[in-house]
Amino acid sequence: MQKPFSTQPELFITSADLEHASLQGLDGAEAILDWVKLEQIMAEIYASKTGRPSYPLLTLLRASLLGIWYRLSDAELALSLFRDLLFRKFCHLELGGDA
């Protein structure tokens, strides 16, 4: 019986790779927006205590902004969040986590 395929996370990308120039395209937006203030404004938004845990509102806002800026449908945005390191970095999504 063949062993299941598994990867070593550091085999493909390291934390240092996230500082590559090609992944700094959204750093300007990261710096110009007051994320703390936005998080305070959104703190009043209702989050259900039942069901699956929701993503942090700031992560959803970041993803929504990417969808608007890049004119992506919801399906295209989801696909981009799975495969695009630039988008994952901007949304502060873990490399091995769900998108």
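**Helix packing and salt bridges in a predicted all-helix model**

H92 touches E30 and R62, with residues up to four places away in sequence not counted; contact means heavy atoms within 4.5 Å. The model is predicted: local features need pLDDT of at least 70, side-chain atom pairs count only at pLDDT 80 or more, and totals for chains, interfaces and linings use all residues. Residues are numbered from 1 along each chain as its sequence is written, and side-chain values use heavy atoms, with hydrogens and water left out.

H92 lies in the segment after α6. The residue is exposed, with a relative accessible area of 53%. Here exposed means over 50% relative accessible area, buried under 20%, and partly exposed in between (1.4 Å probe, protein chains only). H92 and L58 are 34 residues apart in sequence. Their C-alpha atoms are 9.3 Å apart in space.

The chain contains six helices and zero strands. Its pattern along the sequence is α-α-α-α-α-α. Helices (H or I, at least four residues) and strands (E, at least two) are DSSP runs, numbered from the N terminus. Of the 99 residues in the chain, 22% are buried. Among contacts with a separation of 6 or more, 50% join residues 24 or more positions apart. The chain exposes about 8000 Å². Carbon and sulfur atoms supply 59% of that area. Accessible areas come from the Shrake-Rupley method with a 1.4 Å probe; for residues, only the protein chains shown count as cover.

Two salt bridges are found in a search of the whole structure. A salt bridge is a side-chain nitrogen of Lys or Arg within 4 Å of a carboxyl oxygen of Asp or Glu. In one of them, the side chains of R62 and E30 meet at 2.7 Å, N to O. R62 lies in helix α4 and E30 in helix α2, so the pair ties together parts that are 32 residues apart in sequence. R62 is buried, at 4% relative accessible area. E30 is partly exposed, at 25%. Both residues also touch H92.

D27 and K89 also form a salt bridge through their side chains (3.7 Å, N to O). D27 lies in helix α2 and K89 in helix α6, so this pair ties together parts that are 62 residues apart in sequence. D27 is partly exposed at 32% relative accessibility. K89 is partly exposed at 22%.

Helix α4 covers residues 57–69. At 1.5 Å a residue, its 13 residues should span 18 Å; the end C-alpha atoms are 18 Å apart, which agrees. The expected span is 1.5 Å times one less than the number of residues. Buried residues in α4 are L58, T59, R62, A63, L65, L66 and G67. An α-helix has 3.6 residues a turn, so residues three or four places apart point the same way. Cover for the buried residues of α4 includes α2 (27–32), α3 (35–42), α5 (74–83) and α6 (85–91). T59 lies in this helix and counts as buried at 13% relative accessibility. Beyond four places in sequence, T59 touches C91 and L93.

The largest nonpolar core has 16 residues. Such a core is a set of buried Ala, Val, Leu, Ile, Met, Phe, Trp, Tyr and Cys residues joined through side-chain atoms within 4.5 Å. The residues with the most contacts inside the core are L66, L77, L81, F87, F90 and C91. Helices α3, α4, α5 and α6 each give two or more residues to this core. Leaving aside neighbours within four places in sequence, F87 contacts L66, Y70, L72, L77, S80 and L81. S80 sits in helix α5. S80 is buried, with a relative accessible area of 9%. With residues up to four places away not counted, S80 touches L72 and F87.

Just after α4, R71 takes a positive phi of about 50°. Y70 lies in the loop between α4 and α5. Y70 is partly exposed, with a relative accessible area of 39%. I68, W69 and Y70 make a nonpolar surface patch of about 330 Å². Patches are made of residues with over 30% relative accessible area and no salt bridge: like charges are joined within 9 Å, nonpolar side chains (Val, Leu, Ile, Met, Phe, Trp, Tyr) within 5 Å.
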